[in-house]
Amino acid sequence: MPPPQKKRWESMAKGLVLGALFTSFLLLLYSYAVPPLHASLPSTRTPEGTPSCSPGESETAASPANGSSSSSPSPGGCQPRRDIVFMKTHKTASSTLLNILFRFGQKHGLRFAFPSGRNDFDYPAFFARSLVQDYRPGACFNIICNHMRFHYDEVRGLVPPNATFITVLRDPARLFESSFHYFGSVVPFTWKLSGRDKLAAFLQDPERYYDPRGYNAHYLRNLLFFDLGYDSGLDPRSPQVQAHILEVERRFHLVLLQEYFDESLVLLRHLLCWELEDVLYFKLNARRASAVPRLSGELYRRATAWNVLDARLYRHFNASFWRKVEAFGRERMAREVAALRRANARMRRICIDGGRAVDAAAIQDAAMQPWQPLGAKSILGYNLKKSIGQRHAQLCRRMLTPEIQYLMDLGVNLWVTKLWKFVRDFLQW
């Protein structure tokens with residue numbers, strides 16, 4: 001009989017071998033699932049001459065987009081627009097807007113362009129048409145709304161010519177703070193940071209830690225610029241910066257602001273000629289308020305300076321947003337925002353047990369559990385009331401369903417995402 005010491009060493013050796021094999025498998029899987037970042041153009045770019053979307057006569061086309069005009073006719077006097085491209089930026093309340101689009105598309109039987117295998121279009125690689133689930137050359141879609149790194153020509157070829165393009169921005173310092181805490185654990189150069197407040201340590205000397213070629217580095221500098229398809233490391237003095245900002249203005253019919261989400265939804269509702277019920281929402285994918293400290297005045301200034309390209313982008317569209325509000329009418333805007341908030345409050349009373357969001361541990365239904373960042377349970381969710389009248393039962397469930405579960409409900413193939421969730425649950429990450 002071998003001595004206990006030898007048995008213990010044999011057990012440890014087997015554990016190390018199995019651990020190494022399992023880690024190698026995970027790395028291989030992740031290298032397949034996550035595309036290379038530093039590609040100047042999509043590696044799967046659609047070949048020239050490939051047919052673009054050509055809607056047939058039987059397909060209903062939306063009325064022409066109204067560009068920068070925000071004084072469009074009342075929704076009661078126009079036709080709802082159903083062809084929409086939502087460039088989903090990160091950490092900007094975009095999951096809440098995504099839910100609105102999911103519900104509208106499902107309600108009207110519209111055709112979504114969904115990714116295949118995962119819940120994004122191979123982000124952070126550039127978008128390409130071939131990434132769309134069941135794509136065929138010449139196919140037309142009504143709605144594109146999942147995370148991507150934007151490539152205008154590739155997206156443009158999937159929707160009718162008069163599709164409405166929208167996106168949402170957020171104060172870059174606040175976005176950086178949110179991104180740092182949500183994605184920091186998967187950005188290896190942050191692992192060198194010590195102390196309780198790693199964000200403050202990073203902002204004291206970001207050049208010391210930041211590596212633009214580092215894995216997932218894009219999450220921690222000028223993320224809006226990156227998501228929109230531009231070089232997030234551009235010299236701020238380059239004329240390309242302003243050229244890119246003006247290009248966004250030409251391509252997008254409305255740029256929403258996270259800080260003025262209700263006002264943004266009012267403008268969006270009139271742009272798209274939708275009903276009030278279509279833009280009702282509950283805040284999804286929100287962090288627990290006590291999870292991290294807010295940026296102080298000095299750190300806020302440092303974060304803004306570190307994300308200077310995003311700051312210029314945000315300043316430009318903050319100014320244009322308020323011009324739209326002025327054109328819409330301040331008093332009219334105040335009335336419609338109040339109506340939206342009353343309707344949202346009513347739905348909270350009807351749908352949500354306790355009337356508010358709760359920590360992940362308090363969510364009773366697994367179908368209502370939001371996706372969490374690695375190593376934390378900081379994202380809040382909801383409990384659906386158990387007794388909801390037949391009139392509101394379906395709407396309540398749809399409004400509260402997190403992104404991953406809603407995508408599965410809509411028939412999206414998420415095998416990579418589900419496998420990654422299984423691994424995370426098994427390892428308790």
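1. A quick word on terms before we start: a residue is called buried when its relative accessible area is under 20%. With that in hand, Tyr219 is buried, because its relative accessible area is 11%. Please keep in mind throughout that this is a predicted model.

2. Now for the overall picture. The chain has 429 residues, and 52% of them count as buried. Its secondary structure comprises 15 helices and five strands. The accessible surface is about 20800 Å², with 54% of that belonging to carbon and sulfur atoms. Among contacts with a separation of 6 or more, 76% are between residues 24 or more positions apart.

3. Aromatic rings deserve a look, as the structure holds 28 aromatic pairs. One of them joins Tyr123 and Tyr219: the ring centres are 6.1 Å apart and the planes meet at 40°, so this pair is tilted. The two partners come from distant parts of the chain, 96 residues apart. Tyr123 sits in the loop between strand 2 (112-113) and strand 3 (143-144), while Tyr219 belongs to the loop between helix 6 (206-209) and helix 7 (223-227). Like Tyr219, Tyr123 counts as buried, because its relative accessibility is 4%.

4. Which residues do ring pairs link into a cluster? They are Phe176, Phe180, Phe189, Phe202, Tyr209, Tyr210 and Trp306.

5. Arg149 lies over the face of Phe226, 3.7 Å from the ring centre. Arg332 lies over the face of Phe328, in this case at 3.9 Å from the ring centre.

Methods
Residues numbered from 1 in each chain as written. Predicted model: local features only at pLDDT ≥ 70, side-chain atom pairs only at ≥ 80, totals over all residues. Heavy atoms only, no water. Phe/Tyr/Trp six-rings, centres within 6.5 Å; stacked < 30°, edge-to-face > 60°. Helix = DSSP H or I, 4+ residues; strand = E, 2+ residues; numbered from the N terminus. Buried < 20%, exposed > 50% of the residue type's maximum accessible area, 1.4 Å probe, protein only. Lys NZ or Arg CZ within 6 Å of the ring centre and 35° of its normal. Contact = heavy atoms within 4.5 Å. Areas by Shrake-Rupley, 256 points an atom, 1.4 Å probe, with all protein chains shown as cover.
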